Amino acid sequence: MNPGKVETQSATQEANRTSRDSLTITDNRTGKSYEVPITDDTIRALDLRQIKVNAGDFGMMSYDPAFNNTALCRSKITFIDGDVGILRYRGYPIEELAEHSTYLETAYLILRGELPTKKQLDEWTYHVTHHTFVHESIKKFLDGFHYDAHPMGMLISSVAALSTFYPEARDIFNAESRQKQTWRLIGKMPTLAAFAYRHSLGMPYAYPDNDLTYPGNFLNMLFKTTELKYKPNPALERALDVLFILHADHEQNCSANAMRCVGSSHPDVYSATAAATAALYGPLHGGANEEVLRMLLDIGTIANVPAYIKRVKAGEKKLMGFGHRIYKNYDPRARIIKRISAEVFDVMGRNPLLDIALEVERIALEDEYFVSRKLYPNVDFYTGLIYQSMGFPVTMFPVLFAIPRTSGWIAQWEEMLLDNEQKIARPRQIYTGYDTRTYVPMEKRA
Ligand code: ACO
């Protein structure tokens with residue numbers, strides 16, 4: 001026996017063993033070991049099912065409330081590295097897109113995977129622009145809402161209502177139909193949003209102007225009064241376009257997940273988008289920018305900031321616009337938005353709440369509570385200030401988020417539909433209720 005050789009062999013075996021892309025799990029209940037493949041640093045939850053204590057056992061599941069550590073899909077759309085603060089659409093850094101692109105070009109990139117050629121962009125712009133009108137019945141539908149209805153409620157309902165106008169949208173596996181619904185949805189979202197806004201003001205609806213850019217036309221439908229031709233302010237038009245770029249997609253966030261989940265039962269894209277819009281409405285997601293504004297108004301003065309921060313640290317309040325499930329660093333979108341806010345304030349005048357916001361950020365970024373929890377400003381911290389300066393009421397803020405996010409939702413939906421591994425989304429549960437009980441007649445109940 002050559003002990004040296006044995007040692008070399010076992011070293012090689014050890015190297016082979018440790019370099020295998022697999023995970024060995026030992027079940028201490030049974031002493032059995034299982035080898036589970038690792039792909040992309042991930043194991044498949046279904047591979048755990050083979051781990052059983054006896055043949056009748058259902059098998060092991062993973063428990064992950066709120067999907068903290070569960071990948072739902074494989075996706076090529078958006079990349080985020082939350083520790084470093086990186087956001088890329090289809091590989092392109094958000095900073096470069098915000099600098100050089102337009103929302104419509106970015107939407108094309110997100111949906112089609114590549115930047116368009118000039119011809120492709122012209123065609124795409126033409127089709128989206130020529131789908132901006134909504135059926136006149138939508139106006140009657142909106143008229144049914146109370147004068148102070150939240151525009152997000154009106155948007156959710158009217159997007160769902162679009163489904164009834166385009167029954168062919170149910171043909172979700174027909175690429176041509178999907179294309180058409182995409183033009184329609186991206187084209188009509190600003191119209192529905194603007195109509196909801198005009199309804200709340202009691203003003204007549206302003207129809208789309210196809211000579212204008214996507215953000216320019218939106219400003220036209222919102223703010224046009226008696227002028228024959230609305231001329232958007234170029235600085236505000238560009239600021240809105242950049243804000244739209246920044247909000248176009250954000251991988252598997254709450255509303256994208258709603259879009260995929262609802263879409264997985266195969267309704268038309270309008271119904272799934274209504275669900276995604278509803279998910280966006282919540283104050284922990286797209287409703288946060290509205291809450292930031294309310295919070296800044298509540299704080300009122302710079303002098304009140306330390307006392308407010310103290311209440312947040314005591315767990316009485318949340319610092320809205322701070323913190324993120326994925327970003328444990330400065331949200332790269334917040335950095336760009338801070339820069340745009342200066343450009344908007346140059347045109348519209350400085351928003352007096354900005355000084356309070358800057359003080360909140362300054363104190364929070366130095367405070368141990370926020371530093372240790374890696375809580376940084378997120379996309380919503382400064383957007384509300386810009387929107388307010390541009391003349392939007394607070395209730396329109398989440399609506400302004402929903403318009404550009406539509407392109408991301410559709411891209412996520414289409415990717416899900418065409419992914420052979422996807423099925424109807426149906427999580428498992430750990431049942432913690434009663435075992436079987438016998439029905440108790442009313443007279444015998446305590
Ligand atoms: N203010 C104060 N404390 C906070 C905040 C906040 N905004 N956010 C998180 N924390 C604290 C939590 O209380 C928790 O503290 P603990 O460890 O002592 O219990 C810790 O930080 C970790 O927070 P989680 O709640 O575990 O973080 P999670 O990933 O679940 O939540 C979320 C992320 C929902 C965004 C949260 O940070 C939050 O509510 N922020 C305010 C709302 C907001 O701005 N939402 C917009 C997000 S961006 C978007 O959707 C477009």
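Two strands pair if DSSP finds at least two bridges between them. Helices (H or I, at least four residues) and strands (E, at least two) are DSSP runs, numbered from the N terminus. The model is predicted: local features need pLDDT of at least 70, side-chain atom pairs count only at pLDDT 80 or more, and totals for chains, interfaces and linings use all residues. Residues are numbered from 1 along each chain as its sequence is written, and side-chain values use heavy atoms, with hydrogens and water left out.

**Exercise 1. Describe the chain as a whole and the confidence of its prediction.**

Step 1. The chain contains 18 helices and 5 strands. Its C-alpha atoms fill a box of roughly 95 × 70 × 55 Å, taken along the principal axes.

Step 2. Buried means under 20% relative accessible area, exposed over 50%, and partly exposed in between (1.4 Å probe, protein chains only). By this criterion, 47% of the 446 residues of the chain count as buried.

Step 3. The predictor's confidence in each residue, pLDDT, runs from 0 to 100. Its mean over the chain is 94, and 96% of the residues reach 70 or more.

Step 4. A contact means heavy atoms within 4.5 Å. Over residues 1-9, pLDDT stays under 50, and the model has 1 contact beyond four places in sequence for them.

**Exercise 2. Determine the strand order of the open sheet of 3 strands and follow the pairing of β3.**

Step 1. The order is β3-β4-β5, and the pairing is antiparallel. The edges are taken by β3 (78-81) and β5 (92-93); each has a single partner strand, so one side of each is left without a neighbour in the sheet.

Step 2. Strand β4 (residues 86-89) is joined to β3 by 4 bridges. Within this pairing, T78 has Y89 as its bridge partner, and D81 has I86.

Step 3. The two strands β3 and β4 form a hairpin with 4 residues between them, and G85 in the turn has a positive phi of about 90 degrees.

Step 4. In a regular strand the side chains alternate between the two faces of the sheet.

**Exercise 3. Which residues are closest to the ligand, and which polar atoms face it?**

Step 1. The ligand is surrounded by 19 residues, and the closest are H285, K318, L319, G321 and R325. A residue is near a molecule if one of its heavy atoms lies within 4 Å of it.

Step 2. A polar backbone atom of L284 is 3.1 Å from a nitrogen atom of the ligand. A polar backbone atom of G321 is 2.9 Å from an oxygen atom of the ligand. From the side chain of R373, an N or O atom is 3.0 Å from an oxygen atom of the ligand.

Step 3. Taken alone, the ligand exposes 920 Å², of which the protein buries 70%. Accessible areas come from the Shrake-Rupley method with a 1.4 Å probe; for residues, only the protein chains shown count as cover.

**Exercise 4. Is helix α17 mostly covered or mostly uncovered, and what packs against it?**

Step 1. Helix α17 (residues 380-389) is mostly covered, with 9 of its 10 residues buried. Among these are F381, Y382, L385 and I386.

Step 2. The buried residues of α17 pack against α9 (234-246), α12 (288-299), α14 (332-348), α15 (353-366) and α18 (397-417).

Step 3. Just after α17, G391 takes a positive phi of about 105 degrees.

Definitions and conventions:
A polar contact is a pair of N or O atoms within 3.5 Å; within protein, one must be able to donate a hydrogen and the other to accept it, and residues adjacent in sequence count only if both atoms are side-chain atoms.
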